[in-house]
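Work through the exercises below with the model open. Each task is followed by its solution.

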Amino acid sequence: MACPWLRQCRRWSTNCTSRSLLETLRHFNGRSVPTFSTACLRRTSWSSGPGSEGQPSALRTQLLPKTFTSTTSLPRHTSRLLNPTLQSCCCRQNVHTDVKLKDPFTLAQKDLTNLYDDIRKELFVSREELKSLCDYYFDGKGKAIRPMIVVLMARALNAHSNRAGDLLPGQRTIAMIAEMIHTASLVHDDVIDGSDKRRGKRTINEVWGEKKAILAGDFILSTASIAMARIGDNTVVKVMSQVMEDLVRGEFMQLGSKENENERFKHYLEKTFKKTASLIANSCKAVCVQVTSDPKVHEIAYKYGENVGIAFQLVDDVLDFTSGASHLGKPSAADLKLGLATGPVLFACQQFPELHALIMRRFSSKGDIDQAWQYVLQSDGVEQTKYLAERYCQEAIRQISKLRPSAERDALIRLTEMVLTRDK
Amino acid sequence: MFPATWSRLSCKALSSRGLRTQSVLASSGPSDWGKVVSDAEKIVGYPTSFMSLRCLLSDELSNVAMYVRKLIGTQHPLLNTARGYVYDSRSNLQTRGLIVLLLSKAAGPNHAASDLLLQDMVSGIYPSQRNLAEITELIHTAFLVHRGIVDLKGWTDSDGPLKDMEFGNKMAVLSGDFLLANACTGLAQLNNTKVVELISSAIGDVVQGIYSENNSNVEEDGPTDCVDVAAWEERAFLSHGALLAKSCQAAMELAKHDQRSQRLAFKYGKHISLGHKLNSDLQPFVKGDAGEPASFSFSAAPVVFHRQLVGQERWRQQLQQATTLRTQLDYSKLLVSVKSEKGVSSAVDLCCYHGNRALEAIQAFPSSEARSALENIAFAITKF
């Protein structure tokens, strides 16, 4: 199967870091990849992998459903984005500042310092109990990855459009709204899934009951919607309200499963887009429409968010299998327990067709969860899902690289890598 | 039949305004409301249910409909909401949307606003106003659904299988969210951020209203609950008035009518909803003895008035007297106690007051068919 080649690929990528800087750089900065790099890749990969000849193309058809392959125009064989690569590239080419070495969190910090305070101020409500429900998750302990992407994107776009100075107030509002919409959807999801823990805390429904949890979620949404309207830009309103629709449609998609395998994968990716990526993509677009009316730039911002968002969720789905309960703040294999077949299971099903029946009955029979877990561990499901996430990140980089260079743009490139390597 | 004093009271309040449409006043019975509404529907061209239909026919909600069948035989409130939405003409009347349309028509076209085209109007209503009316209904329905979420902690096996309730909750959360999301995208299409802000704030108001309703329901087990009339009105405005009031105002904003018209429209919507709420709260107390009132809420207006009038001590006594051996409340006994005091008539007075304030607000609009219909609605809510 595909796994030996994949491993080979990884080995290559780790070995290759120090010497293929230039090539990798070309991948990042321009869409056209010189044949040179592919040749180099072939050499390395083939030489140490006897008997693997011809497999990459086979892999492409096996590993990636048609829906995915058709959307990517990436160089085939780059399998990994490398941290050292980027850092050294920064050192070499942009010596004038060392900001670029800073990680995205540090760079976004100044715009996010009071984010949670400001959100809690927006959530103004006289009823004390409702207030404490609404504030519950805005305790500053979240990763705030969405606001971070939004402010970095906003600054990268401002630089691209020759705008000096700070974020526009409306752009910062989008960062807040993104976190609020995300949180509201978490609150509702926890009721739908019957979860009792989140981020190491008891969930709102666990503490206050389902009824109040739903109302709190609705209230956060209405507050986000007010803040969005106050920006005073109809396009922004349209872009952000698309998110609300996608979120709920994604949730509905999660109720059903598809009989056909290819359909199922498409369904999974579409659901992933709607439930996770749409918020990031549209938030990126919403900060974009505030600075430029150029649809090409809108597309860049949107595509970056879309691809990073899908990659983010794919990694999340992997972590559901690989991470211990203590790490993620929620029990592992939570998705299986909810009857959901995510990337690792869907890939595993290609190797072990026995999984099909389990997926169709949503792991509801006794022992299904353990069995599915075993199949996933024995298969390359986890690796392949990671690989898929890498591909999405590459596409995100390709998109964002179309913007003029800036510290924030480079931070967004680095961020893709953090998305891939995070372990919680 | 209800005591003559009430009908006199309400008639007096109305006739003192010296308004027409005596015919509506003369006829009585529950068909009144239905007739007022169906007459009014003819004025606005076509009813408001198009966006709701679009939603109902969507894949998502057909899915829910399929799943809701699984709930048959369970006690999940979603079942009743769904049933009511399809069968029960009273809750399916969509009067909020209708009122928004009537007000839009009563206010008429705005010739000063150059970007609004007269030829776009259908039956004297701008398309954006029609969309707004539908959005108002979507939001209202969404909260009917979210209101019916069940707290699972208090659920015991004797109440039925927990699984059914979990499933019902899931469906209720999803379908309510779906309706709200459609309302959001619909709002965005209106291209007016002021309206988006106004309606979003109305959503927040509804949440706060329902939230405090929940809290008081818990408290009503203990007699210490000290809801007074002012608090009742504030809460009723949030949960029942804000959405309509702000939608009415938004309808004026969409036609670029001035601040004054917006204020008046808001007023009409606010007082109509409060009057309507009082009217429905009063139903168990003004209906004849024929219909046995199974129960009534302690946060219903007449009870709140009653408790404020007689004081905590008397109320506690009355509660005790109405409590049977097995700590069950004899509601018919309690009903008699409430009826014997002035709580009911005070609530009727307040209902008339709101009806009159609504009439006052609408007088500023030019006389028209649509305005008459709005007047009739104001009359109808003060009739029992």
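**Exercise 1. How much area do chain A and chain B bury between them, and which residues of chain A lose the most?**

Step 1. The two chains bury about 3,800 Å² between them. Buried area is the accessible area (1.4 Å probe) that two parts lose on being put together, summed over both.
Step 2. Carbon and sulfur atoms carry 64% of it.
Step 3. On the side of chain A, A:Arg127, A:Lys211 and A:Phe252 lose the most area to chain B, together 18% of what that side buries.

This is a predicted model: local features need pLDDT of at least 70, side-chain atom pairs count only at pLDDT 80 or more, and totals for chains, interfaces and linings use all residues. Residues are numbered from 1 along each chain as its sequence is written, chains are lettered from A and ligands numbered from 1 in the order written, and side-chain values use heavy atoms, without hydrogens and water.

**Exercise 2. How many salt bridges link chain A and chain B?**

Step 1. Apply the rule: a side-chain nitrogen of Lys or Arg within 4 Å of a carboxyl oxygen of Asp or Glu.
Step 2. The count is two.
Step 3. One of them joins A:Glu206 and B:Lys153, at 3.5 Å from N to O.

**Exercise 3. Is A:Thr173 buried or exposed?**

Step 1. Set the cut-offs: buried is under 20% relative accessible area, exposed over 50%, partly exposed in between (1.4 Å probe, protein chains only).
Step 2. A:Thr173 has 17% relative accessibility, so A:Thr173 counts as buried.
Step 3. Beyond residues up to four places away in sequence, A:Thr173 touches A:Ala227 and A:Ile231. Contact means heavy atoms within 4.5 Å.
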